[in-house]
Amino acid sequence: MKRYFGVFIALLMCAGAASANPFPDVKVQKINDRVYALLGPTDPPNKQNLGYMNNNLVIIGNKGVILVDAGSHKAVAEHIDAAIKKITSKPITHVLITHHHPDHHLGLEYFDGAQVIASEFCAKQITDNGRSMVSFMSRNTGLSLRGAKPVVPQEKLAPRSRQAMEIDGIKLELISTETAHTDGDMMVWLPEDGVLASGDILVHSINPSFRDGNLKKWVGVVDDILKLPLKTVMPGHGPLMQRQDIVEFRALIADFYKVVEGIYKAGGVEADVRKKLDMAKWEKLGRFDDMMGGNINKVWLEVEEANF
């Protein structure tokens with residue numbers, strides 16, 4: 001009887017520990033023996049997900065772990081780290097940041113001592129605007145993040161460059177692209193594994209955000225991605241992608257630009273975009289209400305500037 005009572009108490013303690021974790025679960029997807037994707041929710045940061053809403057790539061080296069992106073604040077990073085500890089006991093030695101949006105880097109302070117690499121533009125944005133990024137995340141999640149400390153990457157990748165390196169026995173390439181999702185996008189390519197971490201240049205099953213990018217150039221960057229011998233792509237948000245998923249994403253954003261440009265050149269107005277764009281394709285993707293209005297306005301202004 002005592003043995004069953006002890007088991008009952010243990011179950012209660014486990015249930016209490018699980019309920020104490022306020023974040024949505026990490027979905028761990030094994031790509032191969034040394035590469036894992038940690039897939040998070042896809043909604044923008046809010047009071048339900050508390051800022052946990054993006055993907056991370058875990059690359060296991062000889063002695064440590066290389067992590068792509070760090071989460072949106074310290075507690076999210078700890079949540080991610082707990083999932084990593086179930087995969088390997090090796091410490092996180094390097095963190096590669098794909099771009100400057102706060103959900104991708106504000107968790108860096110948790111990974112104290114790790115070497116951080118990002119693009120020059122990303123590092124400058126963190127330096128100049130890190131405190132406002134903390135305020136944004138605090139405001140959207142309802143959390144008090146006043147003590148959060150933005151971490152500026154120590155190593156910086158030059159604009160529009162491609163740097164091959166070996167970290168802890170892992171061969172990889174850091175690719176600083178032309179402007180796509182942002183001016184400072186950086187992708188992580190593992191040539192021996194055929195795995196790409198694209199950051200938000202690629203997202204899957206959700207509406208992308210065009211607000212800080214250039215859609216025409218973005219299409220060209222996706223064309224370059226399709227030249228790689230891809231096996232698996234981890235997008236910034238959403239499920240893992242295969243080549244056909246990327247082809248479909250490319251067609252979707254290219255059509256968006258073509259429609260807006262056609263309306264502008266024909267003398268139409270911004271309001272015509274919703275009438276001419278195949279909205280059904282976009283409405284079935286997540287974040288439609290959050291993104292579509294701003295995306296139309298951003299691309300309209302981009303086309304207007306290009307044709308001024």
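This is a predicted model: local features need pLDDT of at least 70, side-chain atom pairs count only at pLDDT 80 or more; totals for chains, interfaces and linings use all residues.

I started at the beginning of α4, where a side-chain oxygen of Asn214 comes to within 3.3 Å of the backbone nitrogen of Lys216. I count a polar contact as a pair of N or O atoms within 3.5 Å, one able to donate a hydrogen and the other to accept it; residues adjacent in sequence count only if both atoms are side-chain atoms.

Numbering runs from 1 along each chain as its sequence is written, and side-chain values use heavy atoms, with hydrogens and water left out.

Next, which residues of α4 are buried? I got Leu215, Trp218, Val219, Val221, Val222 and Ile225 (buried is under 20% relative accessible area, 1.4 Å probe, protein chains only). Down the axis of α4 they fall within an arc of 160°, so they line one face of the helix; the arc is taken from the directions from the helix axis to the C-beta atoms.

The cover over these residues includes β10, β11, α5 (243-265) and α8 (288-306), with contact meaning heavy atoms within 4.5 Å. Helices (H or I, at least four residues) and strands (E, at least two) are DSSP runs, numbered from the N terminus.

Then I checked the sheet: five strands, open, mixed pairing, in the order β8-β9-β10-β11-β12. Strands pair if DSSP finds at least two bridges between them. β9 and β10 run antiparallel and share four bridges; Ile175 has Met187 in β10 as its bridge partner.

Conventions
Buried means under 20% relative accessible area, exposed over 50%, partly exposed in between (1.4 Å probe, protein chains only).
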